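Please keep the structure open beside the text.

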Amino acid sequence: MSEGPSLETVGDVIAPPSEPGGGGGLTGVLHVPLLGNPNTGKTTLFNALCGLRHKTSNFPGTTQEARIGVVRIGSESSEAEVHLVDLPGIYSLELDLLEARVCRDVLAGRLSPKGEPIGDPEAVCIVADATNLARNLVFVGEVLRRRLPTVVALNMIDLARGQGREINLRTLEEQLGCRVVAVSARKGEGLEALSAAIRTATVPTHTPPGDQTELEHWADRLAVRSMQPAGGNAPGIGTTLSLTDRLDPLLVSPWTGIPIFAAVMVAVFYAIFSIAQFPMEWIDAFFGTAADFVERVLPEGILRDLIARGVVVGIGATAVFVPQICLLFFLISLLEDTGYLARAALLMHRVLRPFGLPGHAFVPLLSSHACALPGIMSTRVIPDRRERLATILVAPFMTCSARLPVYVLVTSLLFKGQPLYAGLAFVGCYMLGAIAGLFSAFIARQTILKGPARPMVLELPTYKVPSLRTALATTIDRGWVFLKNAGTNILAICIVLWWLGSYPHVLPPESAKLLRVQATDLRALADTTTDTTKVEAQRASAQKLEDEANRLTAADAKARSFIGRMGKTVQPVFAPLGYDWQLTIGVLTSFAAREVFVSTMAIVTSAGGDDADVHDEGIVQSIATAPRDDGKTPIFTTATCWSVLVFFVLAMQCLPTLAVTAKEAGGAKWALLQLVWMSGVAYAAAFIVFQSLRLAGIS
Amino acid sequence: MSIPWTDWQFWVATVVALLALWLVLRNLLPPGWLPFTKRRGKETKASLTVGGKPVDRK
Amino acid sequence: MLLNAMKAGEVSHVATLGVDDPGDAALLRAMGLRPGIRVRVVRLGEPTILEVLGAEACGCACASRIGLTKALASRVRVAAAAGAAGPETAR
């Protein structure tokens with residue numbers, strides 16, 4: 001790690017260009033966009049300069065994300081506060097792509113992230129890859145043509161050194177007409193010099209050629225001039241195959257690539273599900289305790305009810321998924337940093353292309369297996385608009401974590417004591433979701449999103465040891481976005497459902513009243529009994545009667561509340577699928593959050609309360625045997641179970657996801673389409689399953 | 001009574017629930033449909049140029 | 001000759017990019033795949049992997065790796081390797 005300006009040339013000292021107005025450079029608030037080719041370590045540099053604190057917002061009028069970090073440079077008396085804006089990586093400013101347009105507009109002073117003032121940037125920092133100088137210099141030239149105060153950060157200088165190249169910074173500076181600072185974002189070298197250079201940035205003294213071809217030749221010549229091999233020997237074109245040369249074909253060809261990919265995915269998901277379990281249990285327990293605490297501390301009343309059963313439950317329902325989501329993003333970020341995901345995208349392109357989806361879609365679809373919300377947001381990497389829309393529309397088909405409690409419940413009902421079959425059913429659910437998604441994409445691409453399949457071209461970055469810091473920054477970023485988006489929506493819906501489920505108030509049913517009377521009698525008896533051995537038993541029985549009364553009251557209250565009445569009214573719609581009104585209520589409430597299904601069924605069937613645990617044998621047993629209105633047939637017959645399972649695999653029951661779809665796809669109509677399509681598919685599939693089983697004699 | 005009209009807590013809870021409902025719908029419906037949401041200003045089409053030459057939007 | 005005709009490991013100059021779509025052509029060019037540039041084939045087929053080596057005079061200094069579908073790769077015409085005709089075959 002070097003302190004102060006790093007000197008990379010052969011012995012020469014570079015003096016900073018003289019600055020009108022004092023030696024320190026600009027002060028005050030500086031708005032500095034950071035741009036460069038993809039894979040130049042721009043994000044790593046951004047994280048290194050700004051630490052883990054940064055804000056993520058949007059460029060108004062686009063779905064393009066903007067990250068803004070603040071770097072303070074200088075001392076007390078003359079301090080500059082740099083607002084560094086991380087622009088998307090692009091290969092050229094002149095391309096007809098959204099990202100390129102955003103960069104052009106920012107440089108022209110026409111566009112700024114939400115919350116930042118619009119205007120010309122005070123300085124521009126270009127990140128260039130020292131190991132790929134010629135191509136990067138073309139981009140540098142394009143930016144220099146804009147004639148803004150510019151600084152070039154020559155990143156990955158450590159890798160270039162390792163390859164035996166020494167780059168003459170002075171030559172570069174002379175020819176470019178601006179400061180060039182050698183940095184290694186990964187190692188933290190040169191960062192101070194870079195900050196200082198940003199402050200003292202000046203408009204370039206030369207302007208590169210305007211014609212693109214001339215610019216390319218200019219860049220080539222400059223690259224050659226600036227590079228001196230160490231010890232005078234030009235590294236020739238190697239005739240022996242490097243490791244990368246040997247590895248890439250393996251990863252990318254289907255016979256070897258797919259097993260490797262499958263192994264990596266299994267490892268990733270296994271890690272997520274096993275590690276995340278611990279924090280999930282703590283969070284679950286924490287919110288359970290929080291609800292109890294609220295009930296004890298607050299005076300009895302409606303607001304206490306709202307907080308304990310609406311707010312706490314709502315926040316808990318989101319919070320419990322945060323560990324899985326953070327872990328997923330952490331691991332994906334690490335994988336991406338190594339360079340493997342680019343190879344996997346190429347490989348997956350062949351698999352996804354017949355369905356009209358590009359290789360880039362596989363990471364979003366993969367992420368959607370934890371939660372569709374961040375999955376849909378990561379579809380931004382897909383260059384073609386129609387392909388991106390298709391991916392957004394079908395992402396929720398991938399089985400997300402929220403469906404798991406439902407799967408666990410229903411498979412326990414179906415395969416009691418047969419874990420092997422239950423496991424197979426589980427896997428079947430995952431596959432059903434994926435297949436439904438792929439076929440839906442196919443249909444979409446043949447009809448409303450018809451268009452040519454974009455040929456895939458992707459840069460394969462050099463393999464690197466992944467950076468924990470980058471992964472951490474990404475995780476915090478994404479995790480926070482999830483909490484904000486999903487959190488607010490799920491909380492809001494839980495509150496609404498709480499209200500609908502609490503009113504109108506009803507008087508407790510006769511059966512409950514009877515039980516309470518019995519319990520009171522029993523307690524009175526216990527108080528007067530002389531035989532001490534019987535007292536405990538009597539008190540225990542009284543307690544059981546009271547618990548039963550409570551459950552009956554709760555179930556009755558639910559049934560006669562607004563949501564209960566809605567359930568009964570809507571039930572005929574679901575009758576062909578084999579659901580009675582109690583199940584219908586469960587289906588309706590799980591629009592808040594799918595996992596709410598379990599606790600709803602527990603309450604409605606009076607098997608338990610809000611904290612019903614799907615792993616609780618007792619609860620599952622009660623739900624399994626809970627009867628329908630006729631008093632005899634269980635709610636969950638075999639056919640009904642399969643119908644419910646298929647329905648939950650395919651149905652769109654996640655309002656936060658709909659909201660994100662509307663936002664990312666650019667219109668509520670896409671969310672509506674998603675809702676209608678998925679609901680239709682789910683209904684049809686559940687219908688077919690239920691009726692086929694009935695016809696086959698299985699009820 | 002089946003709905004506690006006289007209980008002040010009920011009103012607070014109901015207002016909260018209405019706010020929650022508004023929040024949910026706001027994220028779903030196009031801006032301008034709900035009260036208190038900004039109607040998006042009439043959108044104008046601007047033509048895209050690259051270096052002064054018009055470009056086809058794909 | 002077409003890129004497809006090369007063997008893995010061979011180096012040649014890119015002559016023309018016969019890509020129809022101007023957007024795709026512009027992207028390939030911006031990624032470094034342009035007339036006059038030397039490329040080395042790492043893998044042929046679907047997908048094709050190329051190592052982009054930079055212009056003649058560059059030595060071997062600048063290299064990046066690009067993966068592309070066979071459809072695109074098959075549109076690229078190349079001229080034989082080092083010492084061959086100058087790289088000025090215009091698009």
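Of the 91 residues in chain C, 53% count as buried. Please keep in mind that this is a predicted model. The secondary structure of chain C consists of 2 helices and 5 strands, and if you trace the chain from its N terminus, the elements follow the order β-α-β-β-β-α-β. Its contacts also reach along the sequence: among those between residues at least 6 apart in sequence, 56% join residues at least 24 apart.

Now turn to where chain C meets chain A. This contact takes 33 residues from chain C and 31 residues from chain A. Which elements of chain C give two or more residues to the side that touches chain A? They are helix H1 (22-30), strand E2 (38-43), strand E3 (48-54), strand E4 (64-68) and helix H2 (70-73) of chain C. The largest share of that side of chain C, 6 residues, is supplied by H1(C). Sorted by class, the side of chain C that touches chain A holds 21 nonpolar, 7 polar and 5 charged residues.

Next comes the contact of chain A with chain B. Here 23 residues of chain A are in contact with 22 residues of chain B. On the chain A side, the elements giving two or more residues are helix H10 (302-319), helix H18 (468-502), helix H26 (655-665) and helix H27 (668-695). H18(A) provides the largest share of this side, 7 residues. The residues of the side of chain A that touches chain B comprise 17 nonpolar, 4 polar and 2 charged.

Two of those elements, H26(A) and H27(A), also pack against each other, at an angle of about 135° and with their axes 7 Å apart. That angle makes H26(A) oblique to H27(A), and H26(A) passes H27(A) in a right-handed crossing. From H26(A), the contact uses Leu658(A), Thr661(A), Ala662(A) and Ala665(A), while H27(A) brings Ala668(A), Trp670(A), Ala671(A), Gln674(A) and Leu675(A). By class, the contact of H26(A) with H27(A) has 7 nonpolar residues, 2 polar and no charged.

H27(A) has another partner to look at. Helix H25 (residues 638-650) of chain A packs with H27(A) at an angle of about 160°, and their axes lie 8 Å apart. H25(A) and H27(A) are therefore roughly antiparallel to each other, and their crossing is right-handed. On the H25(A) side, the residues making the contact include Trp642(A), Val646(A), Phe647(A) and Leu650(A); among those on the H27(A) side are Met678(A), Ala682(A), Val689(A), Phe690(A) and Arg694(A). The contact of H25(A) with H27(A) counts 13 nonpolar, 3 polar and 1 charged residues.

Is helix H23 (residues 596-604) of chain A buried or exposed? Since 9 of its 9 residues are buried, H23(A) is largely enclosed by the rest of the structure. The buried residues of H23(A) include Val596(A), Phe597(A), Ser599(A), Met601(A) and Ile603(A).

Finally, step back to the domains of chain A. The domain assignment gives domain 1 (28-232) and domain 2 (505-560). The C-alpha centres of domain 1 and domain 2 of chain A are 74 Å apart.

Methods
Residues numbered from 1 in each chain as written. Chains lettered and ligands numbered in written order. Predicted model: local features only at pLDDT ≥ 70, side-chain atom pairs only at ≥ 80, totals over all residues. Contact = placed C-beta atoms within 7 Å. Helix = DSSP H or I, 4+ residues; strand = E, 2+ residues; numbered from the N terminus. Nonpolar A, V, L, I, M, F, W, Y, C, P; charged D, E, K, R; others polar. Domains from an automatic or database assignment. Buried ≥ 20, exposed ≤ 12 C-beta atoms within 10 Å, placed from the backbone. Axes fitted to C-alpha atoms, helices over the stretch in contact; angles between N-to-C directions. Parallel < 35°, antiparallel > 145°, perpendicular 65-115°, else oblique. Left-handed = near helix turned anticlockwise from the far one by under 90°.
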